[in-house]
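Subject: Structure for you to look at

Hello,

Here is the structure I said I would pass on. Please open it beside this email; my notes follow below.

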Amino acid sequence: IYGMKQNKKPDNYEEQLVIRYLEHHLPASASDPDVRYVTTQDLQDMFAPMAEIELNRIAAILFDCGYEIGTAPDGRPAWMMT
């Protein structure tokens, strides 16, 4: 398992919302037996009741926090997390 980049302080409400979620779903690698593949769209849909966050904003936050993109079993690119 990769470690989430330390000391990433949220800059605003959107970032705080995403980071709070990520604190419970740490970065993973493709070889991790518990890896989950989650798309940026999946995350945007989940956050929609709380905030309207652009896809690129969500992706940038995940990238800044050290998450990597893998290929999900259905062949789509997705973020790897536990």
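At the start of α1, a side-chain oxygen of Asn12 comes to within 3.1 Å of the backbone nitrogen of Glu14. This is a predicted model, in which local features need pLDDT of at least 70, side-chain atom pairs count only at pLDDT 80 or more, and totals for chains, interfaces and linings use all residues. Residues are numbered from 1 along each chain as its sequence is written, and side-chain values use heavy atoms, with hydrogens and water left out.

**Overall layout**

The chain has three helices and three strands. Read along the sequence, they follow the pattern α-β-α-α-β-β. Helices (H or I, at least four residues) and strands (E, at least two) are DSSP runs, numbered from the N terminus.

Of the 82 residues of the chain, 38% count as buried. Buried means under 20% relative accessible area, exposed means over 50%, and partly exposed is in between, with a 1.4 Å probe and protein chains only.

Contact means heavy atoms within 4.5 Å. Among contacts between residues at least 6 apart in sequence, 64% join residues at least 24 apart.

Helix α1 covers residues 13-22, and its buried residues are Glu15, Leu17, Val18, Ile19, Tyr21 and Leu22. An α-helix has 3.6 residues a turn, so residues three or four places apart point the same way. What covers the buried residues of α1 includes β1 (36-38), α2 (40-47), α3 (55-64) and β3 (77-81).

A nonpolar core is a set of buried Ala, Val, Leu, Ile, Met, Phe, Trp, Tyr and Cys residues joined through side-chain atoms within 4.5 Å. The largest one here has 17 residues, of which Val18, Leu22, Phe47, Leu62 and Met81 touch the most other members. The elements that give two or more residues to this core are α1, α2, α3 and β3, and α1 gives the most, with five residues. In soluble globular proteins, nonpolar side chains tend to be buried together.

Asp34 and Met81 are 47 residues apart in sequence and 8.2 Å apart in space, C-alpha to C-alpha. Beyond four places in sequence, Asp34 touches Met81 and Thr82.

**How α2 meets α3**

At what angle do the axes of α2 and α3 cross? They cross at roughly 110° and come within 9 Å, which makes α2 roughly perpendicular to α3. Axes are lines fitted to C-alpha atoms, for helices over the stretch in contact, and angles run from 0 to 180 degrees between N-to-C directions. Angles under 35 degrees count as roughly parallel, over 145 as roughly antiparallel, 65 to 115 as roughly perpendicular and the rest as oblique.

The contact is made by Thr40, Gln41, Leu43, Gln44 and Phe47 of α2 and by Leu55, Ile58, Ala59 and Leu62 of α3. By class, it has six nonpolar, three polar and no charged residues. Here Ala, Val, Leu, Ile, Met, Phe, Trp, Tyr, Cys and Pro count as nonpolar, Asp, Glu, Lys and Arg as charged, and the others, Gly among them, as polar.

Thr40 lies in helix α2 and is buried, with a relative accessible area of 17%. Its side chain makes a polar contact of 2.8 Å with the side chain of Trp79. A polar contact is a pair of N or O atoms within 3.5 Å; within protein, one must be able to donate a hydrogen and the other to accept it, and residues adjacent in sequence count only if both atoms are side-chain atoms.

Thr39 is in the loop between β1 and α2. Is Thr39 buried or exposed? Thr39 is buried, at 9% relative accessible area. Not counting residues up to four places away, Thr39 touches Arg76, Pro77, Ala78 and Trp79.

Pro77 is found in strand β3 and counts as exposed, at 61% relative accessibility.

Regards
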